[in-house]
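Please look through the structure below before reading the notes.

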Amino acid sequence: MRMHWRYTSASRNSYAVLFAACEREGFVLEPVRKPVPEVMVYSLNSLTAPALLPEMAAAPFITIAGGPHASACPDEVLRYADYVVVGEGEAALPALLACLADDRPVSVPGVATTDAFNPPDSTVRLDAWPCFSRMKGYVEISRGCPFSCSYCQTPRIFGHAMRHRSIDRIVEYASRYRDARFVTPNALAYGSDGQAPRLEKVKALLSALHNRIWFGTFPGEVRPEFVTKEAIELITTYCANDSLQFGAQSGSDAVLSRIQRGHTTGDVIRAVELCTDAGLTPVVDIIVGFPFETDDDQKETADFVRWLSSRGKVHAHYFLPLPGTPLAGSAPRPLVPELSRLLGGLALRGKVTGSWRSAGIAFSHIASE
Ligand code: SF4
């Protein structure tokens, strides 16, 4: 039975992980950019789903969907796909492919059909599965997040318990690259429960690697309250990056409280100052257009962006109401002219990057990938 992965750049890391998991169980997922018989596997996020769902519905083959969008709304996706893998796919996808290959009835934990949903019966232990094989991806060092930011799908898909790959396995996968870059919800939480840092674990990891190390940069940023003098010393001692990326998300403490960020603007200010004192450029994520923002909240965010951009850079995004989160279905709020003009002006000076008018603009090419 021929099995294929619908390749998109947005899902390339999921592809690397699941290619390796399926290969280990004897299935090769060839990458394709259009539907091909006999089995097609799709990974959907909320921005790729509108283009890929109709393609999936029109494909006269077996179709399987997973990823954050399919995990958050399996019933909707089952109108287009034959099977939905809900949550982590390492165990569920190869088990589903085995049923299809052997023409056996599908009763796999973590797989939904229009007839039934069999809930997952375990979480993935990262050391038990490969990061990647010949389809290379980032090295995922941690999964799961104890926080509950109300716009974020991560804890709703991977759970609140933080799990870590062992240092030996991380070193093994990183050795396939010259530069080591990591996937994690919070790089400075490596080895910890995600709430109380264990910097001795971070030090043990960084000192064991033989690469040029990029730590606390995309795609493995940090939380601002984890940025301490000691943490920065580890980065400046062991790592190649001269910037550190963390989320502020808003310049309004009222908004931060409402979205349950678990930190304040004061934590962000401290993190920025620690970075600049150490010669690191702070790169700070901001989300604009939360549904409940007032004009005053947005003006506070504008003031905050002005301050942040005088010391580092800002990565701005327009709010996207993701399914499966407490803010699903809510309408983004338009930006006050002051904030909109400010972001545009700073972008021209290279101080702001991102897409703050529409969450979809940066991804509008996805259908043709
Ligand atoms: S935004 Fe980051 S800290 Fe908040 S829930 Fe998501 S992964 Fe966790």
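Two strands are said to pair if DSSP finds at least two bridges between them. Strands (E, at least two residues) and helices (H or I, at least four residues) are DSSP runs, numbered from the N terminus. By that rule, β8 pairs with strand β11 (residues 179-183) in the parallel sense, over two bridges.

The model is a predicted one: local features need pLDDT of at least 70, side-chain atom pairs count only at pLDDT 80 or more, and totals for chains, interfaces and linings use all residues. Residues are numbered from 1 along each chain, as its sequence is written.

**The sheet with β8, β11 and β12**

- Three strands make up an open sheet with parallel pairing, and their order is β8-β11-β12.
- β8 (139-140) and β12 (212-214) are at the edges, each with a single partner strand, so one side of each has no neighbour in the sheet.
- Strands of a sheet pair through backbone hydrogen bonds, and the pairing can be parallel or antiparallel.

**The strands around β4**

- Strand β4 (residues 62-66) is mostly covered, with four of its five residues buried. A residue is buried if 20 or more other C-beta atoms lie within 10 Å of its own, exposed if 12 or fewer do, and partly exposed in between; C-beta atoms are placed from the backbone.
- β3 and β4 run parallel and are joined by five bridges.
- Y42 has A65 in β4 as its bridge partner.
- A right-handed β-α-β unit is made by β3, helix α2 (residues 49-58) and β4. Right-handed means that, with the strands pointing away from the viewer, the path from the first strand over the helix to the second runs clockwise.
- β4 also pairs with strand β5 (residues 83-85) in the parallel sense, over two bridges.
- I64 has Y83 in β5 as its bridge partner.

**The two domains**

- The domain assignment gives domain 1 (3-118) and domain 2 (126-368). Such bounds come from an automatic or database domain assignment.
- The C-alpha centres of domain 1 and domain 2 are 28 Å apart.
- Domain 1 puts 24 residues into the contact, and domain 2 puts in 21 residues. Two residues are in contact if their C-beta atoms, placed from the backbone, lie within 7 Å.
- On the side of domain 1 that touches domain 2, α1 (12-24) and α3 (67-72) each supply at least two residues.
- α1 gives the most to that side of domain 1, with 10 residues.
- By class, that side of domain 1 has 12 nonpolar, seven polar and five charged residues. Ala, Val, Leu, Ile, Met, Phe, Trp, Tyr, Cys and Pro count as nonpolar, Asp, Glu, Lys and Arg as charged, and the others, Gly among them, as polar.

**The ligand**

- Around the ligand are C145, F147, S148, C149, C152, T154, P155, P185 and R223. A residue is near a molecule if its C-beta atom, placed from the backbone, lies within 6 Å of it.
- By class, this shell has six nonpolar, two polar and one charged residues.

**Backbone features**

- Most residues other than glycine have a negative phi, and most peptide bonds are trans.
- P37 and E38 are joined by a cis peptide bond, with omega about 15 degrees. E38 is in the loop between β2 (29-32) and β3 (39-43).
- The peptide bond from F218 to P219 is also cis, with omega near 5 degrees. P219 is in the loop between β12 and α9 (229-238).
- D103 has a positive phi, near 55 degrees. D103 is in the loop between α5 (92-102) and β6 (111-112), and counts as exposed because it has 7 C-beta neighbours inside 10 Å.
- Q249 has a positive phi too, near 75 degrees. Q249 is in strand β13 (residues 243-249), and counts as buried because it has 26 C-beta neighbours inside 10 Å.

**L335 in its loop**

- L335 is in the loop between β15 (313-318) and α13 (337-348).
- L335 is buried, because 21 other C-beta atoms lie within 10 Å.
- L335 touches V288, G289, Q298 and S340, leaving out residues up to four places away in sequence.
- L335 and Q298 are 37 residues apart in sequence, and 7.3 Å apart in space from C-alpha to C-alpha.
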